[in-house]
Amino acid sequence: MAELITIARPYAVAAFEAAKEGNTLAEWSEQLNSLAAIASDEAMQDFMSQPSVAANDVTNLLVEIMGSGLTDEAKNFLTVLAENKRLNALAEIAGLFQQLKAKEEKRVLATVISAQKPTDEQKKKLSAALNAKFDAEVEVSYEEDPSLIAGVRIRVGDWAIDGSALSQLNKLGAAIAQ
């Protein structure tokens with residue numbers, strides 16, 4: 001996973017700089033999110049992974065699916081990704097682009113993963129704590145992962161904290177094994 005982020009980062013930065021220069025951050029954001037969603041589709045993944053399918057074919061299909069919702073700059077961006085065999089990084093590129101956009105707009109994006117759906121009161125407390133921690137308006141997205149057993153994992157950019165029961169049990173297991 002880290003390797004894909006490393007590959008995606010320069011493309012995300014390039015797309016962000018082009019969008020910022022052209023004052024089209026929202027448009028680029030929407031296009032990249034749509035492209036990432038399409039590229040993440042299971043049928044598209046199968047199509048993209050076939051050795052007989054040329055990168056050009058994938059690009060043409062993406063352009064066709066997007067239709068008029070894709071600018072010439074985004075088409076050129078897709079072509080560059082295809083030439084460099086980086087179309088598989090579209091989801092990571094879109095995610096990194098969103099982080100750069102949020103930073104530019106002085107927003108912070110956070111992901112909270114919990115074993116159970118948090119209550120409204122828990123969401124308020126967590127949001128207030130994150131706003132204070134990062135001294136910014138924090139937009140929190142919530143995900144559920146029952147395998148955590150209890151507790152939460154919080155990710156904000158490169159900062160992360162794992163307060164899940166699963167993590168604590170794994171640490172305990174490792175300590176006992178030593």
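Student: Over how many bridges do strand S3 and S4 pair?
Tutor: This is a predicted model: local features need pLDDT of at least 70, side-chain atom pairs count only at pLDDT 80 or more, and totals for chains, interfaces and linings use all residues. Residues are numbered from 1 along each chain as its sequence is written, and side-chain values use heavy atoms, without hydrogens or water. Strands (E, at least two residues) and helices (H or I, at least four) are DSSP runs numbered from the N terminus, and two strands pair if DSSP finds at least two bridges between them. S3 (residues 152–156) and S4 pair in the antiparallel sense, over 4 bridges.

Student: Which residue of S4 is the bridge partner of Arg153?
Tutor: Strands of a sheet pair through backbone hydrogen bonds, either parallel or antiparallel. For Arg153, the bridge partner in S4 is Asp162.

Student: Which strands stand at the edges of the sheet?
Tutor: The open sheet has 4 strands in the order S2-S1-S3-S4, with mixed pairing. An edge strand here has a single partner strand, so one side of it is left without a neighbour in the sheet. That describes S2 (137–144) and S4 (159–162).

Student: At what angle does helix H7 run to S2?
Tutor: H7 (residues 120–134) lies across S1, S2, S3 and S4. Axes are lines fitted to C-alpha atoms, for helices over the stretch in contact, and angles run from 0 to 180 degrees between N-to-C directions. H7 runs to S2 at about 135°.

Student: Is Thr111 buried or exposed?
Tutor: Thr111 is found in strand S1 (residues 107–114). Leaving out residues up to four places away in sequence, Thr111 touches Ser141, Glu143, Arg153, Ile154 and Arg155; contact means heavy atoms within 4.5 Å. Buried means under 20% relative accessible area, exposed over 50%, and partly exposed in between (1.4 Å probe, protein chains only). Thr111 has 18% relative accessibility, so it counts as buried.

Student: How is H4 oriented to H5, roughly parallel or roughly antiparallel?
Tutor: The axes of H4 (residues 55–66) and H5 (residues 72–83) come within 9 Å and cross at roughly 155°. Angles under 35 degrees count as roughly parallel, over 145 as roughly antiparallel, 65 to 115 as roughly perpendicular and the rest as oblique. Therefore H4 is, relative to H5, roughly antiparallel.

Student: How many nonpolar residues are in the contact of H4 with H5?
Tutor: Ala55, Thr59, Leu62 and Val63 in H4 meet Lys75, Leu78, Thr79 and Ala82 in H5. Ala, Val, Leu, Ile, Met, Phe, Trp, Tyr, Cys and Pro count as nonpolar, Asp, Glu, Lys and Arg as charged, and the others, Gly among them, as polar. The contact has 1 charged, 2 polar and, for nonpolar, 5.

Student: Is the crossing of H2 and H6 left-handed or right-handed?
Tutor: H2 (residues 25–40) and H6 (residues 90–104) pack at about 155°, with axes 8 Å apart. That angle makes H2 roughly antiparallel to H6. A crossing is left-handed if the near helix is turned anticlockwise from the far one by less than a right angle, and right-handed if clockwise. The crossing of H2 and H6 is left-handed.

Student: What is the orientation of H2 to H4?
Tutor: The axes of H2 and H4 come within 11 Å and cross at roughly 120°. That makes H2, relative to H4, oblique.
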